[in-house]
Amino acid sequence: CAPIRSIPSKVSSSIDVEYSFQEGAKRFEFWESSAAAKLGFGEAVRFAMNDAGGVNAIAEKIHSIGLKLQKQLQAIEGIEIYYPGTRSGIITFRTSQLEPEKLKEHLWEADNFGNQFEVSVVPATSTPLDAARTKVRNLVRASVSYTTTQREVLKFCERLQQILGETV
């Protein structure tokens, strides 16, 4: 940006000033901020603490729904769960029937009811110690939150079974 050479003042004359914008995003740090992001964060904290029952209730719900997903996945032939029984909402698994990237694509495609499921692929490079130990390349990661319902877990597993049944 070109320097501003002259800035009108409230006095009748102009003041010569050399001014140029700082390069990069630093130029916005002094005064600019997102009011919407701050308000949204505040509402999320209020919801978590009041409506959702607090941090401990949220942790318990995530653990409970995560175990439900693990149990449902274990019932699907050909699914191997990594790190079963963890107290987390992150469930990592694989199947020898389909590469993780392809499974991710299939789960994102809408089913007959318009349901789509988003999972991520965990490359072996992001867990090199585990990958060396298990000799597994990439894995599929499904995540639940305290807003995930048991019905959604069942729908996910039904869709997964459908996809795996189509690839046999």
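Me: Which residue in β6 stands opposite Ile91?

Reply: Ala142 in β6 stands opposite Ile91. The model is predicted, so local features need pLDDT of at least 70 and side-chain atom pairs pLDDT 80 or more, while totals for chains, interfaces and linings use all residues. Residues are numbered from 1 along each chain as its sequence is written, and side-chain values use heavy atoms, leaving out hydrogens and water.

Me: Why are strand β4 and strand β6 called paired?

Reply: Pairing requires at least two DSSP bridges between two strands. Strand β4 (residues 90–95) and strand β6 (residues 139–143) have 4 bridges, in the antiparallel sense, so they pair.

Me: What is the strand order of the open sheet?

Reply: The 4 strands run β3-β4-β6-β5, with antiparallel pairing. The edges are β3 (79–82) and β5 (120–122), each pairing on one side only. On average, neighbouring strands are turned by 40° against each other, direction ignored.

Me: Which strands does helix α2 touch?

Reply: Helix α2 (residues 55–74) packs on the sheet and touches β3, β4 and β6 (contact: heavy atoms within 4.5 Å). The direction of α2 makes about 10° with that of β4.

Me: What makes Phe41 count as exposed?

Reply: Exposed means over 50% relative accessible area (1.4 Å probe, protein chains only). Phe41, in helix α1, has 60% relative accessibility, so it counts as exposed.

Me: Which residues make the nonpolar surface patch?

Reply: Phe41, Val45, Met49 and Val55 make this patch of about 400 Å². Its members need over 30% relative accessible area and no salt bridge, with nonpolar side chains joined within 5 Å. Helix α1 (residues 35–51) gives the most, 3 residues.

How values were computed:
Patch = residues over 30% accessible without salt bridge, like charges linked within 9 Å, V, L, I, M, F, W, Y side chains within 5 Å. Areas by Shrake-Rupley, 256 points an atom, 1.4 Å probe, with all protein chains shown as cover. Salt bridge = Lys/Arg side-chain N within 4 Å of Asp/Glu carboxyl O. Helix = DSSP H or I, 4+ residues; strand = E, 2+ residues; numbered from the N terminus. Buried < 20%, exposed > 50% of the residue type's maximum accessible area, 1.4 Å probe, protein only. Axes fitted to C-alpha atoms, helices over the stretch in contact; angles between N-to-C directions.
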